[in-house]
Amino acid sequence: MQSRNPVFSRQRAAYQQGGWYAPPPAPDQYQGYGAPPTYAPPYRPMTIDDVVVRGFITLGTLVASGAVAWVLNLGWAFAAIGAIAALVLTLIITLKQSTNPALILGYSVAYGVTAGVVSHVYNELYGVVFQAVVGTALAFGAMLAVHSLRVIRVTPRFTRFVTGALLAIVGLAIINWLASFFIEDGIGIRSGGPLAYVFSIAAILVGCFFLLIDFHDIEEGVRAGIPERYAWLMAFGLTVSLVWIYMELLRFLSYFTSNE
């Protein structure tokens with residue numbers, strides 16, 4: 001199925017029309033006008049290996065940043081600053097479809113601090129960090145298998161549904177946060193009750209579905225022959241999805257563990 005991602009569509013069209021650069025005119029066209037101009041070499045198309053390498057760099061930077069925040073036992077102020085910086089960078093990267101490594105690694109550092117602080121607190125209170133890491137790895141493997149076996153097909157309709165679900169989850173989280181100023185536990189989606197279980201499971205599933213979309217985009221990008229630099233954008237998408245799943249698993253697992 002052909003992707004509707006405009007990046008893929010443009011790059012596929014360019015590739016089908018003769019590659020990533022125009023061939024130089026015949027030398028006789030320049031007789032009497034000096035030497036023919038030089039032409040840059042063609043762009044190297046993105047490969048799966050490119051995404052894997054940049055994925056390790058992006059996720060590794062986030063883990064390293066989180067480890068530093070954990071060891072230094074940074075407080076919630078640093079976590080809040082990191083979350084705000086990560087949100088701003090995410091919006092810039094997503095809206096501009098930026099492939100700038102500095103922005104993407106900047107996100108990894110910023111949100112790594114937040115994840116490190118949160119993980120340290122959850123480990124002290126509930127001891128569920130290892131289980132969340134294992135659960136995230138299992139989710140990644142399961143979604144990769146689902147994608148490879150084509151159990152769920154990523155279509156434009158599926159993508160719209162997952163995006164809508166994400167917006168609904170974020171909207172409910174904001175409403176719950178605002179309501180918590182007036183009502184204890186807000187609307188109850190983070191209080192540890194049955195409604196909180198449903199909300200966390202839905203959030204984890206949305207993260208898993210976004211992994212499917214990431215895998216699909218990577219596959220389509222390789223098929224379309226998009227330039228190598230887009231591997232950074234693909235790695236960014238994978239990292240965001242994995243960290244989303246990890247953070248939601250931390251919350252979900254904490255409901256079943258006593259801190260007393």
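Mentor: What follows is a short talk about terms and the values behind them.

Mentor: This is a predicted model, where local features need pLDDT of at least 70, side-chain atom pairs count only at pLDDT 80 or more, and totals for chains, interfaces and linings use all residues. Residues are numbered from 1 along each chain as its sequence is written, and side-chain values use heavy atoms, leaving out hydrogens and water.

Trainee: How many helices and strands are there in the chain?

Mentor: There are eight helices and zero strands; helices (H or I, at least four residues) and strands (E, at least two) are DSSP runs, numbered from the N terminus.

Trainee: Why is His120 called buried?

Mentor: Buried means under 20% relative accessible area, exposed over 50%, and partly exposed in between (1.4 Å probe, protein chains only). His120 has 15%, so it is buried. Its place is in helix α4.

Trainee: And what makes Phe182 exposed?

Mentor: Phe182 has a relative accessible area of 75%, so the word exposed applies. Phe182 sits in the loop between α6 (156-179) and α7 (194-224).

Trainee: What does His120 touch, not counting residues up to four places away in sequence?

Mentor: His120 touches Trp70 and Asn73, with those sequence neighbours left out. Contact means heavy atoms within 4.5 Å.

Trainee: Which residues of α3 and α4 meet?

Mentor: Among them are Trp76, Phe78 and Ala79 in α3, and Leu103, Ile104 and Gly106 in α4.
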